[in-house]
Every structure is written in C-alpha cells, then in structure tokens.
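Q: Please take a close look at the salt bridges in this model, and describe with care the residues that take part in them.

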Amino acid sequence: MNAGQTSARVYEALRRRLMERAYTPGARLDPQLIADELASSTTPVRDALHVLAGEELVQLGPHGGFACAMIDEPGLVDLYAWSSAVLNLALRDRKRVMAAPVEAKGEISSESLAVRARELFQAMADASANIEHGRAMRRINARLHGARLTEATIFQDATEELDDIAQCYAAHDLPDLRRRLGRYWRRRRLVAARVVRQLYRTSTSRDG
C-alpha cells in the first residue's frame, strides 16, 4: 500500500470513528495511539486530523494538540438550522431531473436510520444545480451523524417520518416536502439539549 492509499485509509477510518461517536466530544486525540490502532505511522494520522479540523469534526488545541469537536445545545440548534437552510436552497435551485429517493433497506436500527437520513438529504442537495449545496451537505451530514444516532432513540416514528419525506420528494410535491422538512427540523431543535446530553453520556471514548 503506497503513501496515498495509506493516507486515504487513515482519513476514512478516523472520519468514520468521529461520526459514529467513538470519542466523547472534547476527548483528546493522540496521534500516536490512533496510528497504533490503525497500523499506520503518525504522519498520515496528523494529516487526517488537520483535514478533519477543517471539516469541523476535530478541534485544534493551543499547543498543536487535537480533540474531538465539542458540541453544545446552541451549536446543535444552529447546525440543524443550517442543514434546513441548505436543503431549502437546494430545493429552490433543483435540477429538472431530481435524484431518486433513498429507500430503507435491511434491519431498522439507529445506525440505519442515521444513514438513511444522511443519504436522503445528500440526494436532495446533490440534485441542486449549485454544486456547493451538495458539498455543504456532506460536511453537515458528517457533523450531524452522531446526533442522528441519538435522535433515532428519541423519535419512535423516525422511520415513518423519513418515509413521508422520501415520498414527497419522489412525487416532486415541493409544498408538502417543505412542510414536512420544516416539522422535521423543528422537532429536533426542541430536543437539542437532550441529544447533547446523550452524546456526552453514550460516546465510548478511546482516549482512556
């Protein structure tokens, strides 16, 4: 495996860990420890951490250290609002032919629901004539994935909620789609504090 392949592997593995709550928000990220876990040298780990800092999944410390990005209720509420705004812009600038909706597959779990929300909203953003909407949504989805894993334990109707959004999207029923999306984000803003508490309580830190 060449250096480029190693760097890509390390980046993807570390990004997935951060998205899936492998680290508690604020936990220190030790490049040497991560390198040992990923069978890599520290250079690609440090490179990946810097890239992920640019994606706001990692925070840079004052002395060159790294930590899992922290989140609080106002920050999560703002992130929900930003996701809603990007989707509304994407729908306004949608291409003539919209991407096909993503359907649920396999066993329903917190992970599958989070993945479905990510893929459905990414499809909507990618259908925009403005490619920046898709790029913005990819970063938003990564930052929201951990919260979505928690949301799935709060909203018992999460599957039906996504089904309804997907059906409106497939039917090109934009008025109803916007209404359902508005309700989707409002519900999540109302439970943002609860989501944050669970994020700090249930993350399994590798930092010891």
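A: Glu151, Asp157, Glu161, Arg187 and Arg188 are joined in a network of salt bridges, a salt bridge being a side-chain nitrogen of Lys or Arg within 4 Å of a carboxyl oxygen of Asp or Glu. The model is a predicted one, in which local features need pLDDT of at least 70 and side-chain atom pairs count only at pLDDT 80 or more, whereas totals for chains, interfaces and linings use all residues. Residues are numbered from 1 along each chain as its sequence is written, and side-chain values use heavy atoms, with hydrogens and water left out.

Arg187 is buried, with a relative accessible area of 19%, while Asp157 is partly exposed at 27%, where buried means under 20% relative accessible area, exposed over 50% and partly exposed in between, with a 1.4 Å probe and protein chains only.

The structure holds 15 salt bridges, and another of them joins the side chains of Asp163 and Arg116 at 2.6 Å, N to O. Because Asp163 lies in helix α7 (residues 158–170) and Arg116 in helix α5, this pair ties together parts that are 47 residues apart in sequence. Arg116, found in the stretch of α5 that covers residues 110–126, is buried, with a relative accessible area of 7%, whereas Asp163 is partly exposed at 25%. Arg116 also lies 8.0 Å from Leu162, C-alpha to C-alpha, although Arg116 and Leu162 are 46 residues apart in sequence.

A further salt bridge is formed by Arg17 with Glu37, whose closest N and O atoms are 2.5 Å apart. Arg17 lies in helix α1 (residues 3–19) and Glu37 in helix α2 (residues 31–37), so the pair ties together parts that are 20 residues apart in sequence. Arg17 counts as buried at 14% relative accessibility, and Glu37 counts as partly exposed at 34%.

Methods: Helices (H or I, at least four residues) and strands (E, at least two) are DSSP runs, numbered from the N terminus.
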